[in-house]
Amino acid sequence: MLADVRGLISSDRGSRELAAIAEKLDAGVTVIGTRKRHAIGRWVLGSVAGSLLRLSPSPLLIVGEHRPLRARFNNVIAAIDLSPAAKTVLAHAQALTSQS
C-alpha cells in the first residue's frame, strides 16, 4: 500500500503553521529540506527546523540539499543519549527499516 504524500510548497511558512498542518493532516512524518545559505539563512532555517522539531506532532525528517534519494533505508543510525526519549528514537528507527 502506498502512503499518502502531500506536498506543501512555500518558503515562508513558520514552524507553528507547519506543525498545525501536520496535526490537521495526521501526518505520520514531516519532511523538510535544507539548502546551502549564508550565515543568516542557516540561522533562520535552523530556527524553523529546531522549532518544528519541538512543536510537530509527528517525527521530523530533515533532508539536506544534494543528498541521494534512497528508495529504502537498509541501515538507519539512531543517535541516542540513554535519556527517556531514547526508547522512542529506537522505535522510530526500527520502523523506518521495516517499512522499506
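This is a predicted model: local features need pLDDT of at least 70, side-chain atom pairs count only at pLDDT 80 or more; totals for chains, interfaces and linings use all residues.
Good morning, colleagues. I shall begin with the core. The largest nonpolar core has 6 residues, namely Leu-18, Ala-19, Ile-32, Ala-49, Leu-52 and Leu-60. Two elements, α1 (15-24) and α2 (39-55), each give two or more residues to this core. As general background, nonpolar side chains in soluble globular proteins tend to be buried together. Within the core, let us consider Ala-49. Setting aside residues up to four places away in sequence, Ala-49 touches Ile-32, Leu-60 and Ile-62.

Is Ser-58 buried or exposed? Its relative accessibility is 7%, and because buried means under 20%, Ser-58 counts as buried. Which side chain does the Ser-58 side chain meet in a polar contact? The partner is the side chain of Thr-30, at 2.9 Å. Beyond its neighbours within four places in sequence, Ser-58 is in contact with Ala-22, Ala-27, Gly-28, Val-29 and Thr-30.

Finally, I come to backbone geometry. Most residues other than glycine have a negative phi. Asp-26, in the loop between α1 and β1 (30-33), has a positive phi, near 55 degrees. With a relative accessible area of 67%, Asp-26 is exposed, because that term applies over 50%. Leu-82 is not a glycine either, and its phi is positive at about 65 degrees. Leu-82 is placed in the loop between β2 (60-63) and α3 (86-98). Leu-82 is likewise exposed, with a relative accessible area of 76%.

Thank you for your attention.

Note on methods
Residues are numbered from 1 along each chain as its sequence is written. Side-chain values use heavy atoms; hydrogens and water are left out. A nonpolar core is a set of buried Ala, Val, Leu, Ile, Met, Phe, Trp, Tyr and Cys residues joined through side-chain atoms within 4.5 Å. Buried means under 20% relative accessible area, exposed over 50%, partly exposed in between (1.4 Å probe, protein chains only). Helices (H or I, at least four residues) and strands (E, at least two) are DSSP runs, numbered from the N terminus. Contact means heavy atoms within 4.5 Å. A polar contact is a pair of N or O atoms within 3.5 Å; within protein, one must be able to donate a hydrogen and the other to accept it, and residues adjacent in sequence count only if both atoms are side-chain atoms.
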